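This briefing goes through a structure by topic, from the overall make-up of one chain down to single residues. The sequence and the coordinates come before the notes.

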Amino acid sequence: MRDALPEIRARGAELIIVGNGRPEHAIDFRESEGITCPLFVDPELHAYRAAGLRRGLLSSVSPRVIGRGIRAFVEGKRQGETQGDPWQQGGVFIITPGHTVPYAYVSQEAGDHPDPSEVLAALDRVRRKSAPAARRPKRSSP
Amino acid sequence: MNVAKRLHDIEVFDPEGDAIRLGELWQDRTVVLAFVRHFG
């Protein structure tokens, strides 16, 4: 999702990252990954729970996840030391100032991420809805 | 109550440790709120 940041901003939105570690973990993450969008932590998982995100051993170690882990390992991707709750799953929500949620994705297991193009398409729909007149082609006068 | 309303009053912390209510983040603009599994 972070790779889509310029396209998210081009659509008038902002990417907000929430992690489940402690503030010092966020500092490490921001510096090591070069994060330029707002970044927050939810150490007690209050927001994760309110968002209905999954947590548990089974969602973290399904056979598919292990397969992905092995593949990533073979391809040379090594996950660094985990910071935060290793059993917590993630998710992505588009939220508008009117409190509508035009897009929601709850990760089912580790490695299950939304397709960034779907998120961008949802942002396009939000833009069209909020400014329909600006997008409508002008009627030519007779 | 939808997710936005449930999240609105929940406090999270920035990397410097300062608290902010999540709802303040989408007061003026649409946001893509991404919950990550973990840092690192």
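A residue counts as exposed when its relative accessible area is over 50%, as buried when that area is under 20%, and as partly exposed in between. B:D9, with a relative accessible area of 52%, is therefore exposed. The model is a predicted one.

- B:D9 sits in the loop that runs between helix 1 (3-8) and strand 1 (11-13) of chain B.

**Make-up of chain A**

- Chain A contains seven helices and four strands.
- Read from the N terminus, the order of its elements is α-β-α-β-α-α-α-β-β-α-α.
- Of the 142 residues in chain A, 38% are buried.
- Counting contacts in chain A between residues at least 6 apart in sequence, 55% are between residues at least 24 apart.

**Helix 6 of chain A**

- Helix 6 of chain A covers residues 116-130, which is 15 residues.
- Its first and last C-alpha atoms are 21 Å apart, close to the 21 Å expected at 1.5 Å a residue.
- Which residues of helix 6 of chain A are buried? They are A:V119, A:L120, A:A122, A:L123 and A:V126.
- Viewed down the axis of helix 6 of chain A, these buried residues fall within an arc of 160°, so they line one face of the helix.
- In chain A, the cover over the buried residues of helix 6 includes helix 1 (5-10), strand 1 (13-19), strand 3 (91-95) and strand 4 (103-106).
- Strand 3 (30-35) of chain B is also part of that cover.

**A:A13 in strand 1 of chain A**

- A:A13 belongs to strand 1 of chain A, and its relative accessible area of 7% makes it buried.
- Apart from residues up to four places away in sequence, A:A13 touches A:I8, A:L123 and B:T30.
- A:L123 is also one of the buried residues of helix 6 of chain A.
- A:M1 lies twelve residues from A:A13 along the chain, and their C-alpha atoms are separated by 13 Å.

**Nonpolar core and B:F35**

- In soluble globular proteins, nonpolar side chains tend to be buried together.
- The largest nonpolar core here has 46 residues.
- The residues with the most contacts inside this core are B:L7, B:L22, B:L33 and B:F35.
- B:F35 has 4% relative accessibility and so counts as buried.
- Setting aside neighbours within four places in sequence, B:F35 contacts A:V18, A:A47, A:Y48, A:A51, A:L53, A:G90, A:G91, A:F93 and B:L7.

**Aromatic pairs**

- How many aromatic pairs are found over all chains? A search of the whole structure gives two.
- A:Y48 and B:F35 form an edge-to-face pair, 5.0 Å from centre to centre and with 65° between the planes.
- This pair joins two chains, because A:Y48 is in helix 3 of chain A and B:F35 is in strand 3 of chain B.
- A:Y48 counts as buried, at 0% relative accessibility.
- A:F93 and B:F35 have ring centres 6.0 Å apart and planes at 85°, so this pair is edge-to-face.
- The pair of A:F93 and B:F35 crosses between chains, from strand 3 of chain A to strand 3 of chain B.
- Both A:F93 and B:F35 are buried.
- Ring pairs link A:Y48, A:F93 and B:F35 into a cluster.

- Most residues other than glycine have a negative phi.
- A:L45 is not a glycine, yet its phi is positive, about 65°.
- A:L45 is located in the loop between strand 2 (39-41) and helix 3 (46-50) of chain A, and at 8% relative accessibility it counts as buried.
- A:H99, another residue other than glycine, has a positive phi near 65°.
- Is A:H99 buried or partly exposed? Its relative accessible area is 21%, so A:H99 is partly exposed.
- A:H99 is placed in the loop between strand 3 and strand 4 of chain A.

Key. Residues numbered from 1 in each chain as written. Chains lettered and ligands numbered in written order. Predicted model: local features only at pLDDT ≥ 70, side-chain atom pairs only at ≥ 80, totals over all residues. Heavy atoms only, no water. Expected span 1.5 Å × (residues − 1). Buried < 20%, exposed > 50% of the residue type's maximum accessible area, 1.4 Å probe, protein only. Arc of directions from axis to C-beta. Contact = heavy atoms within 4.5 Å. Core = buried A, V, L, I, M, F, W, Y, C linked by side-chain atoms within 4.5 Å. Phe/Tyr/Trp six-rings, centres within 6.5 Å; stacked < 30°, edge-to-face > 60°.
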